[in-house]
Amino acid sequence: MKVMVFHIGADRYALPLWAVARVVPAAALKAIPLAPAWVAGLLDLHGEAVPVIDLSSLAGVAPGQLWYDSRIILVDYPTGEGATRPLGLLAEHVVGVDSVDADALLDPGVGGAPFLGQVATSGTGMLQLVSLEQLLAPDVRALLFPNAGAAS
């Protein structure tokens, strides 16, 4: 399986490549008042306001500075009943595309953030998948996508 690899702090994470619509350089974002701290803001993408989540803050890692390889990974976020909306994921140190043997993916064995999924190990270390479906709690989904409802 092809994946987009990035770092949250010192750890490596990935999204399945099929989930990635586009990757753009980190850009200035408009703040969203009263949003959780890990909501980085809104990205103006060709006239469309796209909410952006700071993956480091979401994972409980102190947000770092923007690096030359920080990117906004744009995904089609599932909002329920087959509908999707664009969502940006601000990620530190985007490494690029890699391959993961689907048979090598294992259950992490510990409970933690619901959006963190299976892990794989290789010569370059451990990598953990991020599950888009579990990324946002229903109340945050409703905040970011008010017209889509808070379907689970």
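In this predicted model, the largest nonpolar core holds 28 residues, and those touching the most other members are Phe6, Ile73, Leu87, Leu89, Leu135 and Leu136. Two or more residues of this core come from each of strand S1 (2–8), strand S2 (11–16), helix H1 (55–58), strand S6 (71–80), strand S7 (83–99) and helix H2 (138–144). Among these elements S7 contributes the most, with four residues. In soluble globular proteins, nonpolar side chains tend to be buried together.

Leu135, one of the core members that touch the most others, is in contact with Leu55, Leu58, Tyr77, Leu87, Leu89, Phe115 and Val130 when its neighbours within four places in sequence are left aside.

Strand S5, which spans residues 48–54, has five buried residues out of seven, so the rest of the structure largely encloses this strand.

| Strand pair | Sense | Bridges |
|---|---|---|
| S4 and S5 | antiparallel | six bridges |
| S5 and S7 | parallel | three bridges |

Strand S4, covering residues 39–45, forms a hairpin with S5 in which two residues lie between the strands, and His46 in the turn has a positive phi of about 55 degrees. The bridge partner of Leu45 is Glu48 in S5. In the parallel pairing of S5 with S7, Ile53 stands opposite Leu89 of S7. Leu89 is also among the residues that touch the most other members of the largest nonpolar core, and Leu89 is one of the contacts of Leu135.

Key. Residues numbered from 1 in each chain as written. Predicted model: local features only at pLDDT ≥ 70, side-chain atom pairs only at ≥ 80, totals over all residues. Heavy atoms only, no water. Core = buried A, V, L, I, M, F, W, Y, C linked by side-chain atoms within 4.5 Å. Buried < 20%, exposed > 50% of the residue type's maximum accessible area, 1.4 Å probe, protein only. Contact = heavy atoms within 4.5 Å. Pairing = 2+ DSSP bridges.
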